[in-house]
Amino acid sequence: MKISSTELVMFGDLLFNHYNWPMTLLRWEVVLNLKMKKIQINKIYNVNCIDVMNSMKKNSVDLVITDPPFAINFKAKKANYNRISSRVLTGYNEIKPEDYYDFTFAWMSEVFRILKDTGSMYVFSGWNNLKDILQALDDVGFKTVNHIIWKYQFGVVTKRKFVTSHYHCLYVCKDDKKRKFFPFSRFKQDAKTNNGRSLHYKDKEDVWDIKREYWSGDEKTPTKLPSELIEKILHYSSEKKDLVLDPFLGSGQVAVVSKSLKRNFVGFEIVPDYFKFAKKRLDEDLYRIKK
Ligand SMILES: C[S@@+](CC[C@H](N)C(=O)[O-])C[C@H]1O[C@@H](n2cnc3c(N)ncnc32)[C@H](O)[C@@H]1O
């Protein structure tokens, strides 16, 4: 019987339920099968990205946009940020702070191998583990192009310190001379803002003021990049039919937005419920799903 790697994971779950096999056995079975198979484009997989990226071809990916787990004790089900907890899917997979550098070095090394020389990567990070992200980028051999700040609205209110209302985004590449960049993909050189400033210049500043999306009443995962942010990156750093990878899919935003802009995509997510949510969005071409 020929089954796809996605189906194999689901098949694995069924076997586990039915025969009560140990989970580790099934996990290895899934990983081995994925390693023997080639990862296919325009598919996503319910796996640990570090286990499978080494089966992807060297120099095959045009753009990586990713928001890795943070290594803070994030509680996915906390009813904060105005969320009703029952609509937030649980199971967020975090990494211990002491393991964060090794974890980061491991996935970044694989990305470096599979990224094309013309390609680039955008990595999002809070400030808590930024030092490990910056160190690993250097150690793996990436060249930093820009350190972008994503400024969002409604940080968590604090009494004795300033409110965190930004994220870091490291824009890096393998070869700064070969890296693709399309400076006029969004605004022409003479486009103007309402008060007569250059729109093109404003859009290319390295502080991006972009609102988070609140999906009230809909199913959601605890952290999600706004589509506007992903669209901006896709326009500046990719073309139609390019292959876009997100090793840490979460709700699948990067794959969903890439698909909508006619890019090819591939991605991985370790938490089964998030994977199923992302797959449903992709398979049914849905942006939001009513609970
Ligand atoms: C910050 S979230 C990504 C959110 C995503 N950018 C979005 O817009 O929905 C990080 C995701 O990585 C997943 N994850 C953690 N470790 C992983 C691993 N080793 N392989 C694949 N996914 C992993 C987590 O379960 C979580 O969903």
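Two residues count as touching, or in contact, when their C-beta atoms, placed from the backbone, lie within 7 Å of each other. By that rule, F182 touches H235 and Y236, leaving out residues up to four places away in sequence.

Before going on, a word about the model. It is predicted, so local features need pLDDT of at least 70 and side-chain atom pairs count only at pLDDT 80 or more, while totals for chains, interfaces and linings use all residues. Residues are numbered from 1 along each chain as its sequence is written.

**A loop residue**

Back to F182, which sits in the loop between β5 (166–173) and α6 (199–203). Helices (H or I, at least four residues) and strands (E, at least two) are DSSP runs, numbered from the N terminus. Is F182 buried or exposed? F182 counts as exposed because it has 11 C-beta neighbours inside 10 Å. The cut-offs go like this: 20 or more other C-beta atoms within 10 Å means buried, 12 or fewer means exposed, and in between is partly exposed, with C-beta atoms placed from the backbone. F182 and E239 are 57 residues apart in sequence, and their C-alpha atoms are 8.8 Å apart in space.

**Helix α9 and its surroundings**

Helix α9 (residues 272–283) has 12 residues and reaches 16 Å from first C-alpha to last. That is close to the expected 16 Å, a span worked out as 1.5 Å times one less than the number of residues. Its buried residues include F275, A278 and L282, and their cover includes β1 (43–45) and α8 (253–260).

**Helices side by side**

Two packed helices are described by the angle between their axes and the distance between the axes. Here, axes are lines fitted to C-alpha atoms, for helices over the stretch in contact, and angles run from 0 to 180 degrees between N-to-C directions.

| Helix pair | Angle | Axis distance |
|---|---|---|
| α4 and α5 | about 40° | 9 Å |
| α8 and α9 | about 10° | 9 Å |

Angles under 35 degrees count as roughly parallel, over 145 as roughly antiparallel, 65 to 115 as roughly perpendicular, and the rest as oblique. So α4 and α5 are oblique to each other, whereas α8 and α9 are roughly parallel. Which residues of α8 meet α9? They are A255, V256 and K259, and they meet A278, R281 and L282 in α9. In the other pair, the α4 residues include Y101, F105 and M108, and the α5 residues they meet include I133, A136 and V140.
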